[in-house]
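Subject: The structure you asked about

Hi there,

Here is the structure I promised to pass on. Please open it beside this message and follow along as you read.

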Amino acid sequence: MTDTTHAESVIVSLLGSAEGAEARAIMRAAVRAGLMWRCPCQQPNYLSHESCAGCRQRRRHRED
């Protein structure tokens, strides 16, 4: 298991047990820690996703 898939599975587990505002807080922390990326539409996404789950916009990498 790669570090990315391991981090993603931990986030999925945390979000699965979160209630209400906890899920938003977990996603904000994951984005700040570099474990998720945020689309310009403000949707947080897993690092393994190359396009946004909300608006389908392609992920912009820092070097783009």
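Below is what I found, starting with the whole chain and then going residue by residue.

One thing to keep in mind first: this is a predicted model.

**The chain as a whole**

The protein chain has two helices and two strands. Reading from the N terminus, their order is α-α-β-β. The radius of gyration is 12 Å, close to the 11 Å that the globule rule gives for 64 residues, so the protein chain is as compact as a globular protein of that length.

Of the 64 residues, 23% are buried. The protein chain exposes about 4,600 Å², and 51% of that area comes from carbon and sulfur atoms. Among contacts with a separation of 6 or more, 16% are between residues 24 or more positions apart. As for charge, there are 9 positive and 7 negative side chains, and the centres of these two sets lie 8 Å apart.

**The core**

Which residues make up the largest nonpolar core? There are six: Ile11, Leu15, Ala23, Ala30, Met36 and Tyr46. Helix 1 (3-17) and helix 2 (21-32) are the elements that give two or more residues to this core. In soluble globular proteins, nonpolar side chains tend to be buried together.

Setting aside residues up to four places away in sequence, Tyr46 touches Glu8, Ile11, Val12, Leu15, Met36 and Trp37. Three of the core names, Ile11, Leu15 and Met36, turn up in both lists.

**Methionine 27**

Next, have a look at Met27, which is found in helix 2. Is Met27 buried, partly exposed or exposed? Its relative accessible area is 21%, so Met27 counts as partly exposed; the cut-off for a buried residue is under 20%. Apart from neighbours within four places in sequence, Met27 is in contact with Leu15, Met36 and Pro44. Leu15 and Met36 are also members of the largest nonpolar core. For a sense of distance, the C-alpha atoms of Met27 and Thr5 are separated by 16 Å, with the two residues 22 apart along the chain.

**The loop between the strands, and its cysteines**

Cys41 sits in the loop between strand 1 and strand 2. Cys41 is partly exposed, at 39% relative accessible area. Which residues does Cys41 contact, beyond its neighbours within four places in sequence? They are Cys52 and Cys55. Cys41 and Cys52 are eleven residues apart in sequence, and their C-alpha atoms are 8.6 Å apart in space.

Gln42 is found in the loop between strand 1 (36-38) and strand 2 (44-46) as well. Gln42 has a positive phi of about 85°, although it is not a glycine.

**Arginine 56**

Arg56 also has a positive phi, near 70°, and it too is a residue other than glycine. Arg56 is found in the segment after strand 2. Its relative accessibility is 56%, so Arg56 counts as exposed.

Best wishes

Terms used
Residues are numbered from 1 along each chain as its sequence is written. This is a predicted model: local features need pLDDT of at least 70, side-chain atom pairs count only at pLDDT 80 or more; totals for chains, interfaces and linings use all residues. Side-chain values use heavy atoms; hydrogens and water are left out. Helices (H or I, at least four residues) and strands (E, at least two) are DSSP runs, numbered from the N terminus. The radius of gyration is taken over C-alpha atoms; the globule rule is 2.2 Å times the number of residues to the power 0.38. Buried means under 20% relative accessible area, exposed over 50%, partly exposed in between (1.4 Å probe, protein chains only). Contact means heavy atoms within 4.5 Å. Accessible areas come from the Shrake-Rupley method with a 1.4 Å probe; for residues, only the protein chains shown count as cover. Lys and Arg count as positive and Asp and Glu as negative; His and the chain ends are not counted. The place of a charge is taken as NZ of Lys, CZ of Arg, CG of Asp or CD of Glu. A nonpolar core is a set of buried Ala, Val, Leu, Ile, Met, Phe, Trp, Tyr and Cys residues joined through side-chain atoms within 4.5 Å.
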